[in-house]
Amino acid sequence: MRALHTSPPSRCHIPTSFTLSYSRKFMVKMSIHSTPSASAKSIDTIVLGCGMVALDYLVTVDSYPKPDDKIRSTSFQVQGGGNTGNAMTCAARLGLTPRIISKAADDSQGKRILNELEDDGIDTSFIVVSKGGHSTISYVIVDSQTKTRTSIYTPGYPPMVADDLPDSSLSSALDGVRLVYTDGVLHEAALVVAQEAHQRSIPIVIDAERKIEGLDELLHLATYIVCSTRFPQIWTEAPSIAGGLISMLLKLPSAKFVIATLGEDGCVMLERAETGDIQPEEVDIDDLFEKMKQSIDTTSTLPTCKTSDVAKLHAKGIGIVCGRLLVGTAEKIPSSEIVDTTGAGDALVGAVLYSLCANFPPEKMLMYASQVAAIGCRALGARAGLPHPTDPRLSPFLA
């Protein structure tokens, strides 16, 4: 079923607690409530994603070619891609009920994009299908030697604009939605969706991979933010990742937490807290971050999480945020098992969406999301390895 058509006009590892020396004799209201979580099954919760859906052409090679080289691939696959398509597929496999607002063309690639999403139980009725033009595609070269991937992205045409999303469709798309997610790629449509979600008090998750047009407006509406390693520093011009997290929460008063992914090192999260009349001690966030990293159990192969106590976290020359810092590790995947890291960040986002809907506490959310992302790295492409909740590798984090 397609709602809209347009023509072309003239994108179980239990966390180890990390406790600081200062007192915690004050009442604290955290941003995420530690209510009972869902079990490893569908929780029948609707989430709405707005952003890129694509088709990926993936090849693996023994080593990345030099200019003018001719080499032979060792494997080849075609599968769905795009940040939103991947994150919503992950969320669907874990047990949520996703809908997607996006745009594709009525070409063979567009048909395959929609069919794959529908096969995973995703509602595609809000995806605009244009007559003519072409769908978004990516060519992905996976280097088996260095375990890296290179992506060549071709945006779809015609691009999605705000007029592609009538009020009636927007209202229907948001009906009964628990969370709204956007990667910001279709910035005009994403802003319309985010503004309406904000009006309805629906929490908004923003995936901030890089600075793109329209992202600043979206970030100011964000409830939760997941970003790439370098984004906090690039966006805020802070001298460190931890300082960048402080700066982001100061600039974005509606945001309850910011997560920065750290690749094979896991992720770091700054969660805002509200305190009563008694204020906690002031702590330098860069020093705290270093101490927490040094205290990590390096013998553990499964994801773990270190958490600080609530403090007035200070970044020199930036300011103070009252909150706590969480440092999550990634699974130590044997080199022989790593196939492709394409879409690992999207998988983590999909698992964060599930965790929020399932009311996981932050520590559990970070470990669970890291494990989901690691499982996905054991297959070629962003989706082939995404787990279902019955996957035994997830059971330690669903207890």
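I counted aromatic pairs and got six. My rule: rings of Phe, Tyr and Trp (its six-membered ring) pair if their centres lie within 6.5 Å; planes under 30 degrees apart are stacked, over 60 edge-to-face, the rest tilted. Tyr354 and Tyr368 have ring centres 5.7 Å apart and planes at 35°, so I logged this pair as tilted. The pair links distant parts of the chain, 14 residues apart: Tyr354 is in helix α9 (residues 344-357) and Tyr368 in helix α10 (residues 362-376). I took helices (H or I, at least four residues) and strands (E, at least two) as DSSP runs, numbered from the N terminus.

The model is predicted: local features need pLDDT of at least 70, side-chain atom pairs count only at pLDDT 80 or more, and totals for chains, interfaces and linings use all residues. Residues are numbered from 1 along each chain as its sequence is written, and side-chain values use heavy atoms, without hydrogens and water.

Are Tyr354 and Tyr368 buried or exposed? Both are buried (under 20% relative accessible area; exposed is over 50%, partly exposed in between; 1.4 Å probe, protein chains only).

Next, strand β4 (residues 54-61). Six of its eight residues are buried. β4 pairs with β5 (residues 75-81) in the antiparallel sense, over seven bridges. Pairing takes at least two DSSP bridges between two strands. β4 and β8 (residues 137-143) run parallel, joined by seven bridges. Leu55 bridges to Gly80 in β5 and to Ile137 in β8.
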